[in-house]
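Subject: Structure handover

Hi,

Here is the structure I said I would pass on.

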Amino acid sequence: METSNRELQAAEYLERHRIKELVSYLTSALLFFRPEKPREYLISLLERLRIAKVTGVAFPFFMDNSNIVAMFEMMDSSGRGTISFVQYKEALKTLGLCTEDGDLKDDGHIITLDKFKEEVNKRMKEIWSAF
Amino acid sequence: MDSTTAPHRIPPEMPQYGEENHIFELMQNMLEQLLIHQPEDPIPFMIQHLHKDNDNVPRIVILGPPASGKTTIAMWLCKHLNSSLLTLENLVLNEFSFTATKARRLYLQRKTIPSVLLVQLIQERLAEEDCIKRGWILDGIPETREQALRIQTLGITPRHVIVLSAPDTVLIERNLGKRIDPQTGEIYHTTFDWPPESEIQNHLMVPEDISELETAQKLLEYHRNIIRVIPSYPKILKVISADQPCVDVFYQALTYVQSNHRTNAPFTPRVLLLGPVGSGKSLQAALLAQKYRLVNVCCGQLLKEAVADRTTFGELVRPFFEKEMAVPDSLLMKVLSQRLNQQDCIQKGWVLHGVPRDLDQAHLLNSLGYNPNRVFFLNVPFDSIMERLTLRRIDPVTGERYHLMYKPPATMEIQARLLQNPKDAEEQVKLKVDLFYRNSADLEQLYGSAITVNGDQDPYTVFEYIESGIINPLPKKIP
């Protein structure tokens, strides 16, 4: 079925403003915190985002530092301080920070906690700057 | 019904919260509006949309041939749902709009208004505060496919479309009796809908162009156009026969408009079947479990399994079984929790029957967090229950179960040696049924949104009723 012009336009709009990631973030926040009044909570989240974008204050990330460390430790079962490239890619996919095409290169170096943290933060910033 | 495809272990509070607050529908609506309007700045747009909070207001289109009663139904619905009515007349007679003045000139000269102008009028009107807050009902628009498509490109989508239909002869005859009250604009009829007050009767006017010829011409045009408008609204359309009393048409329209359409929200069914012994709960549960791959949790069965497997709980339960006493609630709940907490129950959903027997057990269930999202009461009259249970027999030689009426044994020889389970004796059954009915009133009150199903039919009909109760969203109560 050939996609019409408007459909392509809509898909491109979603990509440009990273709407999918935004909606995913909002839904996750809602289901995780389960506020009494979902609408008001959503409005407050969006307001914070808006202000953060305007003033350049740090974005309220869903996964903060301690979560990233915890995730790394879960994957690094033997406690060596490193994870394999495959695990690293899978983790990024789970977080929604890396598409299937895998624009990561396996440069033969092992992935340490710092590199993992740095990569996650970098990608998050990229996404949030589009809002 | 869709169980979540993710293999992650999602704590059950999340899907429960999602279902109760209709999170999926909320997000879907927001996304739809974003895609329709594609604002440059999505975040302020989303904030505005959430503030409006108008996901559930009525957005109705009523179509139908002349003399079908569209305007009457539309007006009644408006009053009932407290929404704004939009007809060609009141769009055109709007004094505050420049576009309306242009349209009015054409209308008063009895020329057809071009679709572009009409759709512009509609767009203006729908952007006003009262339509946004309280919903809108369009009466008789769109008339042609062109209008329907133009409205759609603007992003205006109704949620319910009602098409009234009646045979042409009925309509032509009905139109001859049409009368209008010039002050309120309400339509009356000489035979079907005569106003009781005599002052109204006196100043009713006969509208123009209701002669048979003119009605027939209008009908021709209507039929030509409607056939191409109907496919524009595939899943939200309902055809109601207008060849019945107004009140019936109105009630059908009202129930339809207040029902929600099936959503794509992920839904794990947690079904509770309640009913007296012999109402068919186990059978329905087995059918549901088989078709939708739910976990069939029968309370009595669970206890018997525990005793047979000699688990820790089983040892505690056994003395009660041996003395033929009812197992205490606390122990029962422990056995149930153990089963319902297992991963397959959480992920696939469950069908529970046999419990709760009374209000205390129900409260205990709730406090443990096992809230069913669909509750069904199977109603069977006492005589049917007696018939179903007291005629049950078992063949001691082959172990085959028979029923003297529904599944009689093949030969007289088998029938001679059939035995009856002492639990199926008349007095025992009567006792158990009475016990249920004593508690049923409380349970019905607790489970306010329960659906009552007539259990006195063949099993597959009952199954279909239960299925539709699970698949369709819960009906909204009329305020």
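This is a predicted model: local features need pLDDT of at least 70, side-chain atom pairs count only at pLDDT 80 or more; totals for chains, interfaces and linings use all residues.

Residues are numbered from 1 along each chain as its sequence is written, chains are lettered from A and ligands numbered from 1 in the order in which they are written, and side-chain values use heavy atoms, with hydrogens and water left out.

The interface

Contact here means heavy atoms within 4.5 Å. On that basis, 27 residues of chain B touch 27 residues of chain A. About 2,600 Å² is buried between the two chains, with carbon and sulfur atoms giving 74% of it (buried area is the accessible area, with a 1.4 Å probe, that two parts lose on being put together, summed over both). On the chain B side, B:Tyr17, B:Met27 and B:Ile43 lose the most area to chain A, together 24% of what that side buries.

B:Glu40 forms a salt bridge with A:Arg16, with the closest N and O atoms 3.6 Å apart. A:Arg16 also meets A:Glu12 in a salt bridge, at 3.5 Å from N to O. Those two residues of chain A are four apart in helix α1 (residues 5-16), which means about one helical turn separates them.

The sheet in chain B

Helices (H or I, at least four residues) and strands (E, at least two) are DSSP runs, numbered from the N terminus. Five strands of chain B make an open, parallel sheet in the order β2-β3-β1-β4-β7; two strands pair if DSSP finds at least two bridges between them. At the edges sit β2 (84-86) and β7 (237-241), each pairing on one side only. From one strand to the next, the twist averages 20°. β2(B) pairs with β3 (residues 136-139) over three bridges, and B:Ser84 has B:Trp136 as its bridge partner.

Helix α15 and its neighbours

Axes are lines fitted to C-alpha atoms, for helices over the stretch in contact, and angles run from 0 to 180 degrees between N-to-C directions. α15 (residues 299-309) of chain B packs against α17 (residues 329-340) of chain B at about 90°, with the axes 10 Å apart. That makes the two roughly perpendicular (under 35 degrees is roughly parallel, over 145 roughly antiparallel, 65 to 115 roughly perpendicular and the rest oblique). From α15(B), B:Cys299, B:Leu302 and B:Leu303 meet residues of α17(B) including B:Leu332 and B:Arg339.

α15(B) also packs on α16 (residues 312-323) of chain B, at about 110° and with the axes 8 Å apart, so these two are roughly perpendicular as well. Among the residues meeting there are B:Leu303 and B:Val307 from α15(B), and B:Val317 and B:Phe321 from α16(B).

Backbone spots to check

Most residues other than glycine have a negative phi, and most peptide bonds are trans. A cis peptide bond joins B:Ile141 and B:Pro142, with omega about 5°, and B:Pro142 lies in the loop between β3 and α9 (145-153) of chain B. Another cis bond joins B:Val355 and B:Pro356, with omega about 0°. B:Gln38 has a positive phi, near 45°, in the loop between α2 (23-37) and α3 (42-52) of chain B.

Cheers

Key. A salt bridge is a side-chain nitrogen of Lys or Arg within 4 Å of a carboxyl oxygen of Asp or Glu.
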